[in-house]
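Please look over the sequence and the model before reading on.

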Amino acid sequence: MKRKKYRWGRIIVAISILLLVGFGVTFFTENLFCSSEGWNGFWGTVSSEMERSENELSVEPSKKESSEEPVLESSEESFEESSKESSVESSKQQEESKESSKTSSVSSKPPVSESAGLAGGTSASDWNLILVSAKHPLPDDFSVSLASVGNGHKGDKRVVSSLNAMIAGAKADGITLMVCSSYRTKERSAYLYQKQVDQWLKKGYSQEEAEKEAARWVAPPGTSEHHTGLAFDIVTPSYQKLNHGFANTAAAKWMKAHAHEYGFILRFPEDKQDITGITFEPWHFRYVGKENAKIIFEKGLCLEEYIEMIK
Ligand SMILES: [Zn+2]
């Protein structure tokens, strides 16, 4: 009798340990790591987001991507996608025309003279200045040749060396950067967007309301800059959450101050939300080329304003 009780005690202790470990692992993987897409939180972002003000909204990671520092391959070693894989599928989205790419919401258009003196014959139609947003869906004929940027991530092969250089530059300053989201297919965007819509529907929103709310958090397929292979979400090992708190990290501060030296810009600044239509994303960096990035940085513009300026 005594031995039986003892055995039961051990079984109960063992089950308790298993439960604790299980919960711990779940919490760790769901909550700590930067997701490649980074939109859905541990408890489901919708409930918490609904309670926050618009400016406080944060984007929580949904799953573990990798805890390891990304090791970027050199562009020589990187592989080129087959044309089938690298070309982006046709979109049913409206066709982008020069006319539609004008940003009506740009509030202060700088004088024409300011656009003079741009180096290298910069043009708004340059490949590295492509504007992809809700108002400017990815053109139907868009395609990109991809190369690996390490850890399963890919980007436009023309920008991989610049990304490598930025990561190396940060490292020289004692900052570790890691890419947690990169090139994204329309299919992947469609999946993430639908997932977000479903969350709002579950909260009792109508289909129309749910789609509207979801679009504030996940770019609907065809409207994400990640389709271009020119955008990267970059975090640091000690802070991998995609929320506004990331802005306070040394990594975010370093990128904000130095990204332009490598041809990247902070794409969705805090003070440009009314123009970009996207909430502040201190982790999202977009390649535009060094010359463009320098001007955008020095003039404190967002991409929409810059394109309007050089037209
Ligand atoms: Zn992003």
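Which residue of strand 6 does Phe-264 stand opposite? Phe-264 stands opposite Tyr-287 in strand 6. The structure is a predicted model, in which local features need pLDDT of at least 70, side-chain atom pairs count only at pLDDT 80 or more, and totals for chains, interfaces and linings use all residues. Residues are numbered from 1 along each chain as its sequence is written.

**Overview and confidence**

- The chain has ten helices and six strands; helices (H or I, at least four residues) and strands (E, at least two) are DSSP runs, numbered from the N terminus.
- Of its 311 residues, 41% count as buried. A residue is buried if 20 or more other C-beta atoms lie within 10 Å of its own, exposed if 12 or fewer, and partly exposed in between, with C-beta atoms placed from the backbone.
- Among contacts between residues at least 6 apart in sequence, 76% join residues at least 24 apart; two residues are in contact if their C-beta atoms, placed from the backbone, lie within 7 Å.
- The average pLDDT of the chain is 73, and 62% of the residues score at least 70; pLDDT is the predictor's confidence in each residue, from 0 to 100.
- Residues 21–33 have pLDDT below 50, and this stretch has eleven contacts in the model beyond near neighbours in sequence.
- Residues 35–117 also stay under 50 in pLDDT, and the model has 138 contacts for them beyond four places in sequence.

- Four strands form an open sheet in the order 3-4-6-5, with antiparallel pairing; two strands pair if DSSP finds at least two bridges between them.
- Strand 3 (178–181) and strand 5 (264–266) stand at the edges with a single partner strand each, so one side of each is left without a neighbour in the sheet.
- On average, neighbouring strands of this sheet are turned by 45° against each other, direction ignored; the axes are lines fitted to C-alpha atoms, for helices over the stretch in contact, and angles run from 0 to 180 degrees between N-to-C directions.
- Strand 4 (residues 231–235) pairs with strand 6 (residues 284–287) in the antiparallel sense over three bridges, and Phe-232 has Phe-285 as its bridge partner in strand 6.
- Strand 5 and strand 6 run antiparallel and are joined by three bridges.
- From strand 6, His-284 and Arg-286 point one way and Phe-285 and Tyr-287 the other way, and all are buried.

**Nonpolar cores**

- The largest nonpolar core has 44 residues, and those with the most contacts inside it are Ile-234, Ala-259, Phe-264, Ile-265, Phe-285 and Ile-296. A nonpolar core is a set of buried Ala, Val, Leu, Ile, Met, Phe, Trp, Tyr and Cys residues joined through C-beta atoms within 7 Å.
- Helix 4 (residues 160–172) gives the most to this core, with five residues.
- A second, separate core of nine residues includes Leu-192, Ala-210, Trp-217 and Ala-219.

**Phe-264 and Met-166**

- Leaving aside neighbours within four places in sequence, Phe-264 is in contact with Met-166, Ala-259, Phe-285, Arg-286, Tyr-287 and Ala-293.
- Met-166 lies in helix 4 and counts as buried because 26 C-beta neighbours are inside 10 Å.
- The C-alpha atoms of Met-166 and Phe-264 are separated by 8.8 Å, although these residues are 98 residues apart along the chain.
- With neighbours within four places in sequence left aside, the contacts of Met-166 are Ala-259, Tyr-262 and Phe-264.

- The buried residues of helix 7 (residues 250–258) are Ala-251, Ala-252 and Met-255.
- Seen down the axis of helix 7, these buried residues fall within an arc of 100°, so they line one face of the helix; the arc is that of the directions from the helix axis to the C-beta atoms.
- Strand 4 and strand 6 are included in what covers the buried residues of helix 7.
- Helix 10 (residues 303–310) is mostly covered, with seven of its eight residues buried.
- Among what covers the buried residues of helix 10 are strand 5, helix 8 (273–276), strand 6 and helix 9 (290–299).

**A loop residue**

- Asn-151 is found in the loop between strand 1 (146–150) and strand 2 (153–156).
- Phi of Asn-151 is near 55°, a positive value in a residue other than glycine.
- Asn-151 is partly exposed, with 17 other C-beta atoms within 10 Å.
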